[in-house]
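Here is a short briefing to read alongside the sequence and the model. Please keep both open as you go.

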Amino acid sequence: MSRPVKIVVVILAVFLVLMLGSWLAVKALLSDSAKQKLLTRLGAVAGVPVNVGEITVDFGQFMKLQPAITLKKVVLGNPKGFQSPSLLEADELQAKADIRSIISGNPDIQRVAIVHPVITVERNSAGATNVEALVKNLGKESPAPKEAQSAESPGRISIDEFQITNGEVNLVGIAEAGGGKVVLLKNLNYALTGFAPGKPVQSKLDASLYGGKVSQITFDGTAGPMSENSIPTAGKATLRIALAELPAPFIKQFGTLLRAPGPDSIVNVAMDLKGDIYGRLTGPLELTLDKVSIGPDAKHTMLLAGKTRGQIAVSHLLETPSYALQLPDAEIQFGPGKLKAKVDFAAAGTLMEGSSAGSISGVDIRQFQQVFAPRSMKATGTLTVPRYALKFSGNGPEAVAASLQGDGSLELSKGHIEGMDVLAAIKSAIDNPKAAASGGGNQTDFATLKTQFALAKQTVTLSNIALDSSTARIRGNGTVNAAQVLNFKLDAFVTGSISQLLGKSASEEARVPVVITGNAASPVVRPEIKSLAIETGINYLNRFLGGKAGKKK
């Protein structure tokens, strides 16, 4: 054997001996006792118990001086004060490390991948989440416990790249999610790359929302550098929400509006966010409504569609998240018509508040009532709201509805009010003055109906009512309360045959005071007979005396 060959053989032999020695050293470090010390160290850093079923090493990667270590059945317990059995349970945690760092006891992890983790987000009685508590623990730089400081235990642990694949996030004990278990994210893929001391890392996320096939969330930006109470974040986020995939507790927050959204109802949100996850993230927003169908059931819906821009602010994502949305100049399809409005909306937990001011045009009043006021008095015609201003604040949909207040004006054209016939009630009262008040009749037609409205304490006050038709003008005021009880005092100015019955000519107007009571389902129309009889007598006397009676001399 030549001298060069002998040198090569010796070098190979030394290399194999070193590799075998290193392999045995790593195996020793991964013995049960060493594993427990590693888990103790990790648990001390995270502030939660850490358990692992098995640890294995890929020898093929080890020969490249980059051993791949797999931790199977990884379980992170919950921080103190939380009830769920665990915060995270993963099938595997895969780590690729530099062999020299492992032997030195200060592992330099080049890549960590958590495979199919199931993360349970829980909120405690103080309003904090277990995720928040864990992240704060990881941000601390407190010394490790004594049992984790021995010469054999690992010291500093650094990670260069972090990934989550095929993850799942569930909500537990979150009031706005109904308090039970709700799937928030599935098929979660998340990556943090480009770690460098004191600098932000690249952050990328995509996942399906609510376990659905269409709903999705994405983020592409940066995060960090992280400290105990700060995670600076910036990037582009998108939400694609299929309303039919919303969990039942979320639908409940909107009262009856999202009970039958339909399979094609999609809300798209694109945001450019900047701020701090612990504090506030803000930025411009683009909101797109694509065939959004709202209503109490599939037979009674209204279509919303269009695109608008505004601003969004998200605060305290890891605690009790709050959201604030501002749309300064929204214009969307509103059924067959248009809605132009300024919208402000904010929510924190189940508490919601907001305001809206603008106008509505070209809407079918029947459709509007079926969606927003199904118990109100039925009407037909085209609705125009030249001006409105509304605001609300409440904890849950019932409280929000009870808090609604504001004012505006509305106009209806070419329609009728169902369930009462004012002219028929007047004629009936003239023909039979001793008869009871009319039960309403069929309908009251109009060419136009205009009124001012004010809403407060679940009561709508209508003022300056002006209903005009070919045979009558009706003026007056009235109220409708939460139970749909009616209280209207009107003056009907009639012509034609009814005017003649009241002592006027067919072309002259006769005034008839009318009171409407009962409720929206069964209105009661009562002409004021006493006033009617006196005025009729005066009318006949005026006609008989040539208009001289009743005048001052």
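This is a predicted model: local features need pLDDT of at least 70, side-chain atom pairs count only at pLDDT 80 or more; totals for chains, interfaces and linings use all residues.

Residues are numbered from 1 along each chain as its sequence is written, and side-chain values use heavy atoms, with hydrogens and water left out.

**The chain overall**

- The protein chain holds 11 helices and 25 strands; these are DSSP runs numbered from the N terminus (helices: H or I, at least four residues; strands: E, at least two).
- Of its 553 residues, 41% count as buried, where buried means under 20% relative accessible area, exposed means over 50%, and partly exposed lies in between (1.4 Å probe, protein chains only).
- Taking contacts in the protein chain between residues at least 6 apart in sequence, 53% join residues at least 24 apart; a contact means heavy atoms within 4.5 Å.

**Helix α9**

- Helix α9 covers residues 422-431, and its buried residues are V422, A425, I426, A429 and I430.
- Seen down the axis of α9, these buried residues fall within an arc of 135°, so they line one face of the helix; the arc is that of the directions from the helix axis to the C-beta atoms.
- As background, an α-helix has 3.6 residues a turn, so residues three or four places apart point the same way.
- At the start of α9, D421 brings a side-chain oxygen to within 3.3 Å of the backbone nitrogen of L423.

**V135 and its surroundings**

- V135 sits in helix α5, residues 130-139, and is buried, with a relative accessible area of 14%.
- Which residues does V135 contact, leaving aside its neighbours within four places in sequence? They are M226, I231, Y278 and L318.
- V135 and S227 are 92 residues apart along the chain, and their C-alpha atoms are separated by 9.3 Å.

- Strands β23 (residues 486-494) and β24 (residues 510-518) run antiparallel and are joined by seven bridges; two strands pair if DSSP finds at least two bridges between them.
- L490 stands opposite V514 in β24.
- β24 also pairs with β25 (residues 523-527) in the antiparallel sense, over five bridges.
- Four residues lie between β24 and β25, which form a hairpin, and G518 stands opposite P523 in β25.

Terms used: A polar contact is a pair of N or O atoms within 3.5 Å; within protein, one must be able to donate a hydrogen and the other to accept it, and residues adjacent in sequence count only if both atoms are side-chain atoms.
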